[in-house]
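Please keep the sequence and the model open while reading.

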Amino acid sequence: MALFKRGKQFKHGRQPCLDKALDCFLKAAGGSAWLCSSYAKPPNTKQAVEWLYKASIAGHARAQYQLALSFHQGKGVEQSVREAAGWYARAAEGGYARAMYNTSLCYSLGEGLEQSDMLARKWMRRAADHGHSKAQYEHGLALISEGDAMNGVVYLELATRAGEMAAAPARDAVLEQLSASCRNRAVILADKWRSLASSR
């Protein structure tokens, strides 16, 4: 922790020294470089991807997600949807909610992973249960389309509370069709809901 704080001082001090900051962050991370992408600006995207790759191999879910984005967008590496999907899936398995959402999309669209509605739904629900607001919105709509309006409304309510603009009108439209007891139950469930822990 002391090395991490010292690195931040080097990065944000009166006379920033990115090389010293990077050295501290690397030592603080035990050689795993995922911190570097957040706190030290690498000289080029290719070097940033090298750091992300090292951290990803070491099992850092956030780095795996960032590496997946690099492959998806072709930044610092040759664009590869297959590589991106593979890293999204690894980060999702590591508990990173954004990666769970993207893994769901990959399965849903058959991008980089074999198309599977079952696995798409599984990862969308996991992302929703880990507090990903877009996943909560989409999972809520899916539940409603499957006939589970009350639980669907719970997820739409959670998405609304998290700031998903499209969720509120959908929630309101479904609430009008529910009985008063179901509406009350949905609000109670939303109030009691707690996000599962995600990797940071």
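**Overall make-up**

From the N terminus on, the elements of the chain follow the order α-α-α-α-α-α-α-α-α-α-α-α. That is 12 helices and 0 strands, where helices (H or I, at least four residues) and strands (E, at least two) are DSSP runs numbered from the N terminus. The model is predicted: local features need pLDDT of at least 70, side-chain atom pairs count only at pLDDT 80 or more, and totals for chains, interfaces and linings use all residues. Residues are numbered from 1 along each chain as its sequence is written, and side-chain values use heavy atoms, with hydrogens and water left out.

**Burial and contacts across the chain**

- The chain has 200 residues, of which 41% count as buried; buried means under 20% relative accessible area, exposed over 50%, and partly exposed in between (1.4 Å probe, protein chains only).
- Among contacts in the chain with a separation of 6 or more, 45% come from residues 24 or more positions apart; a contact means heavy atoms within 4.5 Å.

**Helix 4 against helix 5**

- Two packed helices are described by the angle between their axes and the distance between the axes.
- The axes of helix 4 (residues 45–57) and helix 5 (residues 61–73) come within 8 Å and cross at roughly 135 degrees. Helix 4 is therefore oblique to helix 5.
- Axes here are lines fitted to C-alpha atoms, for helices over the stretch in contact, and angles run from 0 to 180 degrees between N-to-C directions. Angles under 35 degrees count as roughly parallel, over 145 as roughly antiparallel, 65 to 115 as roughly perpendicular and the rest as oblique.
- The crossing of helix 4 past helix 5 is left-handed, meaning that the near helix is turned anticlockwise from the far one by less than a right angle (clockwise would be right-handed).
- Helix 4 contributes Val49, Leu52, Tyr53, Ala55 and Ser56 to the contact, and helix 5 contributes Ala63, Gln64, Gln66, Leu67 and Ser70.
- By class, the contact of helix 4 with helix 5 has 6 nonpolar, 4 polar and no charged residues. Ala, Val, Leu, Ile, Met, Phe, Trp, Tyr, Cys and Pro count as nonpolar, Asp, Glu, Lys and Arg as charged, and the others, Gly among them, as polar.

**Helix 10 against helix 11**

- Helix 10 (residues 149–161) and helix 11 (residues 167–175) have axes that come within 9 Å and cross at roughly 150 degrees. Helix 10 is therefore roughly antiparallel to helix 11.
- Helix 10 also passes helix 11 in a left-handed crossing.
- On the helix 10 side, Ala149, Val153, Leu156, Glu157, Ala159 and Thr160 meet Ala167, Ala168, Ala170, Arg171, Val174 and Leu175 of helix 11.
- The contact of helix 10 with helix 11 divides into 9 nonpolar, 1 polar and 2 charged residues.

**Single residues**

- Serine 104 sits in helix 7 (residues 97–109) and is buried at 2% relative accessibility. Leaving out residues up to four places away in sequence, serine 104 touches Ala120, Trp123 and Met124.
- Histidine 139, in helix 9 (residues 133–145), is buried with a relative accessible area of 8%. With the residues up to four places away in sequence not counted, histidine 139 touches Met124, Arg125, Ala128 and Tyr155.
- Glycine 95 lies in the loop between helix 6 (81–93) and helix 7 and counts as buried at 14% relative accessibility. Glycine 95 and histidine 130 are 35 residues apart in sequence and 8.5 Å apart in space, C-alpha to C-alpha.

**Cysteines**

- Cysteine 106 is buried, with a relative accessible area of 4%, and cysteine 182 counts as partly exposed at 27% relative accessibility.
- The whole structure has 0 disulfides, a disulfide being a pair of cysteine sulfur atoms within 2.5 Å.
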